[in-house]
Amino acid sequence: MNIYESDKLLAEYLLFHYGTAEETLPYSFGPHSALHYATRCVSECLDVSRLRGDSRALELGCAVGRSSFELAKHCNSVRGIDYSRAFIAAAKELQQRGELVYRRTDEGDLWTRLTARVPTEIDRSRVRFEVGDAMDLRDHLGAFDVVLMANLIDRLRVPRRGLERLPGLVNPGGQLIISSPYTWLEEFTPREHWLGGCVREGRPFFTLDGLRAALAKDFQLTATRDLPFLIREHARKFQWSVAQASIWIRR
Ligand SMILES: C[S@@+](CC[C@H](N)C(=O)[O-])C[C@H]1O[C@@H](n2cnc3c(N)ncnc32)[C@H](O)[C@@H]1O
């Protein structure tokens, strides 16, 4: 069973993407700078000054869609693609109705009814969601001025396959944002396909080295950023991680 089809992960990701600070982390001593990751992947990484008036954006591994909606603040059309039917069904509901009710787990069988809401200032009509495989994208997607992949590459079975299509997807001068904590796990990615986090020729080979090796011919790396994020499992259990965002410009 794909964990991203489960009710548990669906509720966790609705909270992760749409939860307010109070709903997600009601502790004053908690890591508040790690909240709102799905919006910060855009607000802290996208160079708005590079965009044309009628720009197009693509998000791969969009889950329940919050970053795609954030991209719609700056881009005329946004396509969000994810492999999970459950996540895309929720994202489509949010696109059509602007809100979605879900259950946040608090403790054991106890839960709270919450509503995920797309901020009203965002033009939802700019966004379309579809189910798709980032390693085997359909033809005729077109080319984009922005491509975002947040916390996706270390969940792909063959990450290089997800990177191969990128040169054809990004317009010259367009932006590619890849953010990930590089949590390589064999249950998702067989070791021989890890982009980094291994020893090569006796030296540490980091995922950023692997991304450079795969992308440098077609993209110039312009910046990296540390992006903390927090996923709440229940009222007293959280995953705090620090993704590295790398920002690339299509040559
Ligand atoms: C760790 S979650 C990250 C989701 C979201 N980008 C975020 O940062 O919250 C990984 C996402 O990638 C999706 N995914 C996994 N394999 C995929 C594939 N081959 N193609 C497209 N999406 C995929 C999962 O369904 C899930 O939504």
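1. Ser179 belongs to strand E7 (residues 170-180); strands are DSSP runs of at least two residues and helices of at least four, numbered from the N terminus. The model is predicted, with local features needing pLDDT of at least 70 and side-chain atom pairs counting only at pLDDT 80 or more, while totals for chains, interfaces and linings use all residues. Numbering starts from 1 along each chain as its sequence is written, and side-chain values use heavy atoms, leaving out hydrogens and water.

2. Ser179 is buried, at 0% relative accessible area (buried is under 20%, exposed over 50%, partly exposed in between; 1.4 Å probe, protein chains only). Its side chain makes a polar contact of 2.7 Å with that of Tyr37 (N or O atoms within 3.5 Å; within protein, one able to donate a hydrogen and the other to accept it, residues adjacent in sequence counting only if both atoms are side-chain atoms).

3. The ligand is surrounded by 19 residues, the closest being His17, Gly61, Asp82, Ala134 and Ala150 (a heavy atom within 4 Å). For Ala150, a backbone N or O atom lies 2.7 Å from a ligand nitrogen atom.

4. The largest nonpolar core has 48 residues, and Tyr13 and Leu14 have the most contacts inside it (buried Ala, Val, Leu, Ile, Met, Phe, Trp, Tyr and Cys joined through side-chain atoms within 4.5 Å). Helix H1 (residues 7-18) supplies the largest share of this core, eight residues. A second, separate core of 29 residues includes Leu60 and Tyr182.
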